[in-house]
Amino acid sequence: MGKEIIRTLTIAGLDASGGAGLIADISTFEEFGTYGQAVLTTVVTMDPENWNHQVKGLPLDLLKQQIETILTSDVPIKAMKTGMLGSKEIVELARETIERAKIEKTVIDPVLVCKGTDEVLNPDTAVALRELLMPIAYVATPNIFEAGQMADLPTPKTLAEIEAAAKAIHDRGVQYVVVKGSRHLDPESALDLFYDGKSFEWLAKPKLENPATHGAGCTFAAAITAGLANDLEPLEAVKKAKDYVYIAIKNGFAYNKFVSPVYRPAYKEYR
Ligand code: PXL
């Protein structure tokens, strides 16, 4: 018998600059030795003049056809993640897919904004993510803003408020809550919170100078997904993902004057 194939799936958008979204997910899945697949939901392009983002959704029919193709495989999907879904209908489709394929290891990255923009892409999507996907999530990976939205609380500002938001998200049914912190929470380190419903664990890494962080959030959630697919326990998967993202940020590069993405192959190349 050949090697066991570990299949992973993302339902996400395409970031044409390559830093975030589906490309981040698939490249991370493969770096972790899994067979990655994707359902494309939206296409995000950037204005070359000012880097303003434009988000276009694909017709729902085309999403359904992608899902049918993916679900015909005899190889089980060991873990999956969701990224930019873009509309309430797509959130509903994601939930149906998770239930139909009986995927237990789900990582819900409740993408509501792109870095550098602070406008919620679509307020209906935020409500649908909170009501439909939080209750069935194995892991949820909001950033600080998204944590407030998923908790239905004001955006947390302090470590204690982030913990309170994580608890409210756990109460909605998420088994493991990972709040992707920010470089701005602590003068020395980049912090992320892991909460399993029992205790709060703050994970720290030294801050990097001039960090290239575009795509870091997607890459982190994708690495957690791949770790779970490889049978790591949730906290181990999160710790390994944080190491992976740290190295990817350290080796990130200036893509142009507007954006500096993480470099995902760095983990393998320079470890
Ligand atoms: O980083 C959030 C994100 C997720 N998915 C897609 C994106 C972005 C931000 O640019 O473009 C497709």
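Reader: Is the crossing of α7 and α8 left-handed or right-handed?
Author: The crossing of α7 and α8 is right-handed. A crossing receives that name if the near helix is turned clockwise from the far one by less than a right angle, and is left-handed if the turn is anticlockwise. This is a predicted model, in which local features need pLDDT of at least 70 and side-chain atom pairs count only at pLDDT 80 or more, while totals for chains, interfaces and linings use all residues. Residues are numbered from 1 along each chain as its sequence is written, and side-chain values use heavy atoms, with hydrogens and water left out.

Reader: Why are α7 and α8 called oblique to each other?
Author: The axes of α7 and helix α8 (residues 234-250) cross at roughly 140° and come within 8 Å. Axes are lines fitted to C-alpha atoms, for helices over the stretch in contact, and angles between N-to-C directions run from 0 to 180 degrees. Angles under 35 degrees count as roughly parallel, those over 145 as roughly antiparallel, those from 65 to 115 as roughly perpendicular, and the rest as oblique. The pair α7 and α8 is therefore oblique.

Reader: What makes the contact of α7 with α8, and how do its residues divide by class?
Author: Residues of α7, including Phe-220 and Ile-224, meet residues of α8, including Val-238 and Tyr-244. Contact here means heavy atoms within 4.5 Å. The residues of this contact divide into twelve nonpolar, two polar and one charged. Ala, Val, Leu, Ile, Met, Phe, Trp, Tyr, Cys and Pro count as nonpolar, Asp, Glu, Lys and Arg as charged, and the others, Gly among them, as polar.

Reader: Why are α3 and α4 described as roughly parallel to each other?
Author: The axes of α3 and helix α4 (residues 123-133) cross at roughly 20° and come within 8 Å. α3 and α4 are therefore roughly parallel. Their crossing is right-handed. Among the residues in contact are Val-91 and Ile-98 of α3 and Leu-129 and Leu-132 of α4. By class, this contact has seven nonpolar, one polar and four charged residues.

Reader: At what angle do α2 and α3 pack, and how far apart are their axes?
Author: Helix α2 (residues 60-71) and helix α3 (residues 88-100) pack at about 15°, with their axes 11 Å apart. This angle makes α2 roughly parallel to α3. The crossing of α2 and α3 is right-handed. Leu-63 and Ile-67 are among the residues of α2 in the contact, and Ile-90 and Leu-93 among those of α3.

Reader: How do you know which strands are the edge strands?
Author: Nine strands form an open sheet of mixed pairing, in the order β3-β2-β1-β4-β5-β6-β7-β8-β9. The edge strands β3 (53-57) and β9 (200-206) each pair on one side only. Helices (H or I, at least four residues) and strands (E, at least two) are DSSP runs, numbered from the N terminus.

Reader: How do you know that β6 pairs with β7?
Author: Two strands pair if DSSP finds at least two bridges between them. Two bridges join β6 (residues 139-140) to β7 (residues 176-180), and these strands run parallel. Within this pairing, Ala-140 has Val-177 of β7 as its bridge partner.

Reader: How many bridges join β1 to β2, and what hand has the β-α-β unit of β1, α1 and β2?
Author: Eight bridges join β1 to β2, which run parallel. The unit of β1, α1 and β2 is right-handed. A crossover has that hand if, with the strands pointing away from the viewer, the path from the first strand over the helix to the second runs clockwise.

Reader: How do β2 and β3 run, parallel or antiparallel?
Author: β2 and β3 run antiparallel and are joined by five bridges. Val-44 stands opposite Val-55 in β3. The hairpin of β2 and β3 has six residues between the strands, and Trp-51 takes a positive phi near 65° in this hairpin.
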